[in-house]
Amino acid sequence: MIEVLGAGALTTVQDRGRFGCLRWGVGTAGAMDSMALCAGNILLGNDRDCAAVEICVFPFRVRFGEECAFALTGADCVAKLDGAALIPWSAHVARAGQELHLAAPQAGPMRASRAYLCVAGGIDVAKVLDSRSTQLRGAFGGFEGRPLQRGDVLRTGATKRAPGKAACGLGLVPPQVALPLERDGCRAIRVLPAAEYERYTPESRASFWSGEWKITPQSDRYGYRLSGVGLQANAPMEMRSHGIVPGVIQVPPDGQPIVQMRDAQPTGGYPKFATVIEADMWRLGQAPIGSRIRFVEATWDEAIDALDELDAWLAEAQRHVSLHAGTGKTAA
Amino acid sequence: MTDDCIEQVRQLAGWLGGSGIELLELSGPGRLIRLRRGPVHAGQAQPQADGAAPSPAQAVEAVTASATVVRANSVGVLLHAHPLREQPLAALGDEVAQGQVMALLKVGTLLLPVTAPCAGIVSRVLAANESIIGWGEPLFELA
């Protein structure tokens, strides 16, 4: 049991997402950085899809009602447990009554924007349409279908291994370190050209790849509004609403693109210029407001290979953690 | 067991003999190997080669008998700072509390903490950042 002592707006319970429901108009939701979510769960011996708390406004404070193994992944938020500094991207054990405090993410070249608090057994909220993710637009799923607030009490699920066992102190190399992706000192995101790509001027297509794009303050779980050299279509486009998925880069008439994120609505009417590959959504999900990104053109095969690379990394992490946990058991 | 396997066990036993490890357990699908080093008999104590230079570990112990040496509890690549941070976890002159993480050992995707066995002040840093560390190798000295 965990009590929220202080949470900024937009702190939500998320698992990997609610898949297969777009046909009913239900968006995907899910962790903006799925790698951080999966890694935290792996550290704790959880299923990778266990729900965690996604935090993007700080400070954040919780009190543990009982002994609890937890892992902090995602942004490095100078976490402290009853005042004692914790190593990021590691598993720890809290005793009953201890308080966890997360401050604003650390500055630096690898600054991230979202932290994940994973707990042994996962955050135990009811599954809706086979997912524990908070669906903010529909106000269901997660914890009462809404962001967390002071006084909320979260239950944790049944654990697979005893807290304090091998979990304590074990950490993972963060994927942004293990699998970096940069162009000219900028966070790089790989994308596939989409349906209306060819209907933009050659200059606009060239500048989309060569320019830097700033993530504006009008960016959240729904979508990222970017600012840069505007994209000009060859001719005005009138389009009917059509299905869209997280990752689609739309271009409204002002030419400044919008990237649909995890809470994207399932339909939209703007032209689709490109699509962020699924394997890079976690990178974009951690890009802070005000930071700059670059787009790198990918092929379908590269997009699939990139997904395989992430799966391989997670499988390797899982193997290493279980080997280590196994050794811990032998020694005990 | 095939001859191949026996040869591998022989090699493992050889490595075990040359290390400070007492028990090695390897498990895989359908098999388990446990190698334990027997007690060293007084008569055949480890050969101390004549004129051989003392190992770094011995040297450290000789110089500072009163200080506590913080040793590696795993093999791995030593990281003085967390990969997301620039500041070392424990630098020369830093005061550390018992149990505080002083460095990390990177093994594949894992980061294993090296913790202070007691409170103290870091009086020597004995291993370089990003160096490959073996079991029990001295990493810090606490005064």
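This report describes selected parts of a predicted model with chains A and B.

## Basis of the model

Residues are numbered from 1 along each chain as its sequence is written, and chains are lettered from A, and ligands numbered from 1, in the order in which they are written. In this predicted model local features need pLDDT of at least 70, side-chain atom pairs count only at pLDDT 80 or more, and totals for chains, interfaces and linings use all residues, while side-chain values use heavy atoms, with hydrogens and water left out.

## An open sheet in chain A

Helices (H or I, at least four residues) and strands (E, at least two) are DSSP runs, numbered from the N terminus. Two strands pair if DSSP finds at least two bridges between them. In chain A, six strands form an open sheet with antiparallel pairing, in the order β7-β6-β9-β4-β1-β11. Its edge strands are β7 (84-85) and β11 (153-154) of chain A, each of which pairs on one side only.

Within chain A, strand β1 (residues 2-6) and strand β4 (residues 60-64) are joined by four bridges in the antiparallel sense. A:I2 stands opposite A:F64 of β4(A).

## A buried strand

Strand β8 (residues 90-94) of chain A is largely enclosed by the rest of the structure, because five of its five residues are buried. Buried means under 20% relative accessible area, exposed over 50%, and partly exposed in between (1.4 Å probe, protein chains only). In a regular strand the side chains alternate between the two faces of the sheet. Both faces of β8(A) are covered: A:S90, A:H92 and A:A94 are buried on one side, and A:A91 and A:V93 are buried on the other.

The strands β5(A) and β8(A) pair over five bridges in the antiparallel sense. A:C68 has A:A94 in β8(A) as its bridge partner.

## Two buried loop residues

A:C50 sits in the loop between α1 (34-43) and β3 (52-55) of chain A. A:C50 has a relative accessible area of 15%, so it counts as buried. Contact means heavy atoms within 4.5 Å. Not counting residues up to four places away in sequence, A:C50 touches A:Q14, A:D15, A:L37, A:N41, A:G121 and A:G122. Of these, A:Q14 is 36 residues from A:C50 in sequence, and the C-alpha atoms of the two are 8.5 Å apart in space.

A:V125 is in the loop between β10 (115-119) and β11 of chain A. With a relative accessible area of 9%, A:V125 is buried too. Leaving out residues up to four places away in sequence, A:V125 touches A:V13, A:R132, A:G142 and A:F143. A:M237 lies 112 residues from A:V125 along the chain, and their C-alpha atoms are separated by 44 Å.

## A pocket and a cavity

Both kinds of space are found on a 1 Å grid over the protein atoms alone: a cavity is a set of points where a 1.4 Å probe fits but cannot get out, and a pocket is an open set with protein on both sides within 12 Å along at least five of seven lines; lining residues have an atom within 4 Å of a point. Grid points are joined across faces, edges and corners, and a volume is the space filled by probe spheres set on the points. The second largest pocket has a volume of about 730 Å³. Of its 30 lining residues, A:F19, A:R262, A:E278, A:A279 and A:L307 lie nearest its centre. The largest share of this lining, seven residues, comes from α5(A). By class, the lining of the second largest pocket has 20 nonpolar, four polar and six charged residues. Here Ala, Val, Leu, Ile, Met, Phe, Trp, Tyr, Cys and Pro count as nonpolar, Asp, Glu, Lys and Arg as charged, and the others, Gly among them, as polar.

The structure holds two cavities of 30 Å³ or more. The largest cavity contains about 80 Å³ of space. Its lining has 14 residues, of which A:L72, A:A75, A:D76, A:C77 and A:P88 are the closest to its centre. Strand β5 (residues 68-74) of chain A gives the largest share of this lining, three residues.

## Chain B and its interface

Chain B has two helices and 10 strands. Of its 143 residues, 29% count as buried.

At the interface, 16 residues of chain B are in contact with 23 residues of chain A. About 1500 Å² is buried between chain B and chain A, and carbon and sulfur atoms give 70% of this area. Buried area is the accessible area (1.4 Å probe) that two parts lose on being put together, summed over both. B:L84, B:R85 and B:T109 supply 43% of the area that chain B buries against chain A, more than any other three residues.
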